[in-house]
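Hi,

Here is the structure I promised to pass on. Have a look at it first, and then read my notes below.

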Amino acid sequence: MILAKNYLSKYGILIALLVICIILSVATPYFFTVQNLVIVLRQVSVNGILAIGVTFVIIAGGIDLSLGSVVALTGVAAASFAHPGAYPLIVPLLMGLLTGVLAGVINGLTITLGKVAPFIVTLGMMTMTRGLALVWSDGRPVTNLSPAFNFIGGGDLLYIPVPILLFVLVIIVAYILLNYTTAGRYIYAVGGNEQAARASGIRVNAVKMFAYIICSGLAALAGIVLAARITTGQPNAGVAYELDAIAAVVIGGTSLLGGRGTVTGTVIGVLIIGVINNGLDLLNVSSYYQQIIKGVIIIGAVLIDRKNGK
Amino acid sequence: MNETYLLSVQHLSKSFPGVKALDDVHLNVEAGKVHAVMGENGAGKSTLMKILIGMIEPDSGNIYFKGERVAFHSVHDAIKAGFSMIHQELLPFPDLTVAENILMGREPVVFPGWINRKKLNMASLHLISRLGVSIKVNRKMKTLSVAETQMVEIAKAISNNAEVIIMDEPTSAISQKEVDILFGIIKDLTARGIAVIYISHKMDEVLQIADTVTVMRDGKWIATQPASGLNKEALINMIVGRPLDNIFDKKSVPPGEVLLSVKALSGDYFSDISFEVHAGEILGIAGLMGAGRTEIMRAIFGLDKIRSGFIYIKGKPVRIKSPGQAMDLGIGFISEDRKETGLVLSSTVRNNITLGALSICSNNRFIDKKKEAKIADEQIRKFNIKTPGRNQVVNYLSGGNQQKVVLAKVLLRNPEVIIFDEPTRGIDIGAKAEIYKMMTALAAAGKAIIMISSELPEVLGMSDRILVVREGKISKELKAEEATQELIMEYAMV
Ligand SMILES: Nc1ncnc2c1ncn2[C@@H]1O[C@H](COP(=O)(O)OP(=O)(O)OP(=O)(O)O)[C@@H](O)[C@H]1O
Ligand SMILES: [Mg+2]
């Protein structure tokens, strides 16, 4: 009994994912085919990369609401340098990533040195970057991108779609960072008790900066992947993406109070959201109802997890 | 049920994952008496009390109150039934005022839902002044020192007309003056027929105030005896299970070079502080609560700002702007406030122990998990930390064991100058003796030790030299030979 309970509390959210998968497999046989599962993975990769990034920030005790707009801005930034024959592929990639990193640096500096609440800073950054994306692109989608660039969003390597490969790579690196490096350990400490972390000789501001830069940097990667997939730098892309990312993180058991959370949890959270989206599409549920059902399942999954966690 | 007892606990058991916190415990408390509960860190005292106050539910066993079986499912139930508790780990609302904290949940109202602020402040002022301390009731809780917070919690607990008042280490953060006031109040309470359950590691206090003493060890009931028939040795024997000879086992070594000195140091709460500590020396810092002792040390360690003055390490002037720098210069600081500055409570024992010294168990910023585990286990053994394992979350350890984790963490960096701020707060008598032994050994190994303490026997027993601090200034320096409790108090008092 106790064993079962321990098991449940540790793997509760994984079990929730499996249950949802089983229900969907029964409801629509097509769900559990390799073809469809690859589609699901490809669909979740953008949200997945974002969610992993924001996991760092949330464990460090912060929040980042600017993700969705950073996706748009970095997508536009990369796309503007990705016209065929203009520059080598590395240029658009670097432009996108650097724009993201810059957003992270500004977020981090305002939060640490300016001592402004992360919620407000990143909310401001959210509208600023969105505006910047519109200004940069004149409000029009940036089209006509090179095939090499589009390959990042639509191509296959060894039969596996590139976005999925990137997502997996991000998962591995994030897992190693959080579990095996001093920086990762410090992120947990800063989120758990900033004062105690400081008294232990940790440079708290540097750790926070690191978390925000990782977060925005990964948002930039997501922005590039998305632009490449839709073969457009779309200034209106990524609206409300931060909410799906944060939802995935919380479903995965990361505490919004900071100090606790795992990459594995976030990945499961991302998959739950992805599977629900995909399943409801397959079942031809109207998009109005989809929103309601998705909300209920998200809260329900967390509810079951927390009940068992006690 | 036996009617002579106001409260009777029978066959109570409670397990946590990996720990049997209570194992068939019983406890009989009479009205109008002080019943002390003693035992080593992690013996299960707080767990027993948390069950009585309805914070946690027992696995098995019965509780009888006024002859009737009761089972509280929430603190609300317990308070309504007539229980009240001062928690070991103080639980204030930091952003509310003192008045709001004291009368939380029982605010006087103009009409339901509308708080009568004037009455709220008056009533709480009355309660606070009954304790003989002056704390403005409109101050935010977070601006209070630990000692003041403790007094507010006491005021809160005695204010709601309870019949059983549980005090879990109420004196761990206050000085003798406040202890005397508290004891006056306890006498007052018992005279009115209220039962007080009193948990403390301090023998003198228990012998002074208790009518009955119950001792627990490893979650089990060991003995219950009238306090009148006990002395210190007998108590120690019951608690530790063997006699402890000479708790202060201090051997002085000839002092070496000056490791740390400060000149004319001033900050927000202190001014013109000058002193030095030598290798091999234990420098005791005595004074009343709020005298500014902790603040001086926090400033030296880079936790607070310094206004003016100089710090020298081995004669070299240094500027310390952050704890990280202080640690690199070989200073270690064991904070008095384990929850605020000592520990990351949500993290594991291992992570806390190695937090300040990850560099010694990592290569190029990659943590060597095997080495880290080994180091953590070594520290757990060395400091005798009672935990199911290195991966236990620190929040779930008993108070005293949390304190040991702080010690293990700071000393892992092997600092040259070690500042101990109330090092034995909440620590049981056996572990106390071990910590004193450790301090002596550290001094003998050439470290310089600064020990802030409000326990005069500790100051007198351990120090080679004593500085008395009064209102942010050093009022007197005393040699160990000439120091007495009276002399220290004379210079400490305003
Ligand atoms: N919530 C919890 N989860 C897991 N273990 C717990 C929890 N609370 C207490 N324990 C464990 O139960 C045991 C008894 O703890 P308790 O706090 O009652 O000790 P104590 O006698 O009050 O010690 P101290 O003198 O240090 O305050 C300890 O081993 C502690 O680690
Ligand atoms: Mg306790």
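Before anything else, a word I use a lot: contact means heavy atoms within 4.5 Å. This is a predicted model, so local features need pLDDT of at least 70 and side-chain atom pairs count only at pLDDT 80 or more, while totals for chains, interfaces and linings use all residues. Residues are numbered from 1 along each chain as its sequence is written, chains are lettered from A and ligands numbered from 1 in the order in which they are written, and side-chain values use heavy atoms, with hydrogens and water left out.

With that word in hand, take A:Leu256. Not counting residues up to four places away in sequence, A:Leu256 touches A:Ile58, A:Ile63, A:Ile246 and A:Val250. You'll find A:Leu256 in the loop between helix H11 (241-251) and helix H12 (263-282) of chain A. Helices (H or I, at least four residues) and strands (E, at least two) are DSSP runs, numbered from the N terminus. A:Leu256 is partly exposed, with a relative accessible area of 49%. For the cut-offs, buried means under 20% relative accessible area, exposed over 50%, and partly exposed in between (1.4 Å probe, protein chains only).

Next, the metal. The magnesium ion (ligand 2) is coordinated by B:Ser46 through OG and B:Gln88 through OE1, at 2.0 to 2.1 Å. These two come from distant parts of the chain, 42 residues apart: B:Ser46 is in helix H1 (residues 45-52) of chain B, and B:Gln88 is in the loop between strand S6 (83-86) and helix H3 (98-102) of chain B. Both B:Ser46 and B:Gln88 are buried. Donors here are N, O and S atoms within 2.8 Å of the metal (3.2 Å for Na, K and Ca); water is not among the atoms, so sites may look incomplete.

Now for where the chains meet. On chain B, 27 residues are in contact with 19 residues of chain A. The two chains bury about 1,900 Å² between them, 54% of it on carbon and sulfur atoms; that buried area is the accessible area (1.4 Å probe) that two parts lose on being put together, summed over both. The rule finds one salt bridge across this interface, where a salt bridge is a side-chain nitrogen of Lys or Arg within 4 Å of a carboxyl oxygen of Asp or Glu. A:Arg185 forms a salt bridge with B:Glu372, with the closest N and O atoms 2.5 Å apart. On the side of chain B that touches chain A, H11(B) gives the most, with four residues.

Have a look at B:Ser362 too, in strand S19 (residues 362-363) of chain B. Leaving aside neighbours within four places in sequence, B:Ser362 is in contact with A:Thr182, B:Ile367 and B:Asp368. B:Ser362 is buried, with a relative accessible area of 14%.

Elsewhere in chain B, seven of the eight residues of helix H9 (residues 293-300) are buried, so this helix is largely enclosed by the rest of the structure. After H9(B) comes B:Gly302, whose phi is positive, near 85°.

Most residues other than glycine have a negative phi. B:Asn414, not a glycine, has a positive phi of about 55°, and phi of B:Glu422 is also positive, near 50°. B:Glu422 is buried, with a relative accessible area of 12%.

Cheers
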